[in-house]
Amino acid sequence: MTPLLYEIPEKFLSGIASGNLKLYGAILKNTVTGQILAHVQPTSVLDKLLASTLQGVSTTISQGFNPLGILTTIQNEQIKSRLTAMNTTLGVMQNLQVGTLAVSGLGLGVSVAGFALMLKRLKAIEAHLHELGGRIERVTSDRRSDDLETIFADIATDLETIDTLYARRSAQQVAEAAQVSLFRSASRLRPHFKRVAAKDEDLTHEDLDLLWSLASAIRLCSDAGFKALLHIDELAVAADIARKEAERFAELSDPLAPDRLARLCSKSADGFNQMTELRTVALGKARILTNGLRDSAIQTASHMSLANTLIERGISGQKYLEEAEQEQGRPLLMLPAQ
Amino acid sequence: MSDLDLFAHLEFMNWRDELLEKITLQIESNFPDLLAQIDVKIDQAGTLDLAWSEVQLGNDIAELCSEWAKQQAEEALEQTEEALCEFKARLAPEFSLDPGLSDRLAAMAPVIASAGLAAASIAAVPTVVSLATISTSILAFVGVSYVSWPLFTVGAVALGVTAYTSRRLYGWGIERWRRKLRERSYRRAEKAIFGLGAASDQRTLLDDIQALAVKAATNSMENRI
């Protein structure tokens, strides 16, 4: 049987390095003609490489979630260097943040993490939100009927449901219902996010971490919902939803100028010198948050493009996912656009 | 929204964020220089008529800060113009692929760029601001924070009375008077420029300059000015 996914050729890697080709999320494009050449897709091998590279850097990451500020920018770069040293193909990830990768599986292409792993990640986010404790109470206090715990419980149920799709006779209906429910959960999380993001006083590092955790949960819903639609070959719906989700991620990031967030975090300082110190520390975290949301917008937009390519080429979404999941040797592959 | 529109939108927001950071860094880097200028004014304050000196100092420092604010605004607008050129060059491949993209981005830019800025400053910034010429109305806009610089009364009258009783006490008092003036001036400058200790809805010079720069940039993109 002819494979769908291929190794990324050397000429593409050098094209990216020279600037003739560019990665827009997972979409590989010619910068001059705008032609889409391929969609880059991680395999399960990359998850293993990432896990071994992150070993010793952070225990929380190995649990599936990276709280804001655990990984520094320097560590991000070191991890990327280590990954690239293991496999030169991974050089295509040069513009990605490992912090984002750890949140979303990879932040490139469709996550090949099983739903069980996604569930583990959700639990890690939820546990972290509990650690932020008092903050959550404040966020949810004015929204009594719809608290975060209920939403997380709903997401967990949906992930568990999707994980059993292979064994179900009515997989189509179950997957659709779970996807709709995940979509709804993401919509219920967004007002919580926006409420914290709109604060213009007393903003703290915990608030930034809370925003990061909520954004991660929203991303998880988006990724899981898209993957569920691919499983049941609802590619046109998947493309349409991915486009809307991408716009929503962009919209969430628009008011989050890192400079403003960092300055709000330093406003309680006692004098100029303390203010600059506090601002500098908060700025690093705020940048990770905002970049994570914008990466999510771009990655989700590449989901849309991938679904459209699958439609054009008459490829089954389920088959595409299976091939990425079953790969044993290469961490990154690509689906040629034509 | 096409994927190219989304990409341009996000690139523009990244550009805005880098610009805001640069302006903050600029103001922070130049702030110690302002404090040094205030120090000089206070050190030069006459000791013969202290009550008059206080009033005069208030005016002098307000003038000094206004002048400094105008310089900062000019520098920020220069930075903005340079950054906008770089941004356009970076997105040139996308603009050439889709000739309508530039206009669509320019149309959405004012709304999305304002999202991360202080609402009070956005509301106050003059609509007609430009990167090309720095008008007096712009300079008045950034200087306005200092018009009502508060009086510096920290006890000069009492010091004047002390002068009649003890020369030694008077010398000690002068130093204390200067120290208090300095502290008060620093706090006032920190509050007006960075909003330290200010109410959350109070405009600050930094917010004003950022709003000004972003407004001028989006006006330039729309080719309105």
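1. Buried area of the interface. Chain B and chain A bury about 3100 Å² between them, and 55% of that area falls on carbon and sulfur atoms. The model is a predicted one, and the values in this note are to be read accordingly. The contact draws 38 residues from chain B and 41 residues from chain A.

2. Polar and charged pairing across the interface. Between chain B and chain A there are 6 salt bridges. In one salt bridge, D17(B) is paired with R294(A), with 2.8 Å between the closest N and O atoms. Counting residue pairs in polar contact between chain B and chain A, with both residues at pLDDT 80 or more, gives 13.

3. The face that chain B presents. Which helices of chain B each supply at least two residues of the side that touches chain A? They are α1 (3–44), α3 (92–97), α8 (167–194) and α9 (205–222). The most is given by α1(B), with 17 residues. By residue class, the side of chain B that touches chain A divides into 20 nonpolar, 9 polar and 9 charged residues.

4. A salt bridge joining the chains. The side chains of D270(A) and R187(B) form a salt bridge, at 3.3 Å from N to O. D270(A) is located in the loop between α12 (258–265) and α13 (272–313) of chain A, while R187(B) belongs to helix α8 of chain B, so the pair joins two chains. The two partners may also be described by their accessibility. D270(A) counts as exposed, at 55% relative accessibility, whereas R187(B) is partly exposed, with a relative accessible area of 45%.

5. Salt bridges within chain A. Over all chains, the count of salt bridges comes to 31. One of the pairs is E323(A) with K319(A), whose closest N and O atoms are 3.7 Å apart. Both residues lie in helix α14 (residues 317–326) of chain A, at a spacing of 4 residues, about one turn of the helix. K319(A) is partly exposed, its relative accessible area being 26%. A further pair is formed by the side chains of E327(A) and R330(A), at 3.1 Å from N to O.

6. A network of charges. Salt bridges that share partners link D259(A), R263(A), R279(A), E28(B) and D207(B) into one network. The reader may wish to display these residues together.

7. The nonpolar cores. The largest nonpolar core holds 82 residues, of which L159(A), L189(A), F193(A) and Y320(A) touch the most other members. Helix α10 (residues 205–231) of chain A gives the most to this core, with 15 residues. With neighbours within four places in sequence left aside, L189(A) is in contact with L148(A), I151(A), F152(A), I155(A), L214(A), A217(A) and I218(A). Another core, of 65 residues, lies apart from the largest one, and its members include Y24(A), L34(B), L77(B) and L117(B).

8. The fold of chain A. The secondary structure of chain A consists of 14 helices and 5 strands. Of the 338 residues of chain A, 59% count as buried. Among contacts in chain A with a separation of 6 or more, 77% are between residues 24 or more positions apart.

9. The fold of chain B. How many helices and strands does chain B have? Chain B has 9 helices and 0 strands, and from the N terminus its elements run α-α-α-α-α-α-α-α-α. Buried residues make up 50% of the 225 residues in chain B. For contacts in chain B with a separation of 6 or more, residues 24 or more positions apart account for 82%.

10. S81(A) has its place in helix α4 (residues 73–86) of chain A. At 47% relative accessibility, S81(A) counts as partly exposed. The C-alpha atoms of S81(A) and G91(A) are separated by 8.4 Å, the two residues being 10 residues apart along the chain.

Key
Residues numbered from 1 in each chain as written. Chains lettered and ligands numbered in written order. Predicted model: local features only at pLDDT ≥ 70, side-chain atom pairs only at ≥ 80, totals over all residues. Heavy atoms only, no water. Contact = heavy atoms within 4.5 Å. Buried area = accessible area lost by both parts, 1.4 Å probe. Salt bridge = Lys/Arg side-chain N within 4 Å of Asp/Glu carboxyl O. Polar contact = N/O pair within 3.5 Å; in protein donor to acceptor, adjacent residues only side chain to side chain. Nonpolar A, V, L, I, M, F, W, Y, C, P; charged D, E, K, R; others polar. Core = buried A, V, L, I, M, F, W, Y, C linked by side-chain atoms within 4.5 Å. Buried < 20%, exposed > 50% of the residue type's maximum accessible area, 1.4 Å probe, protein only.
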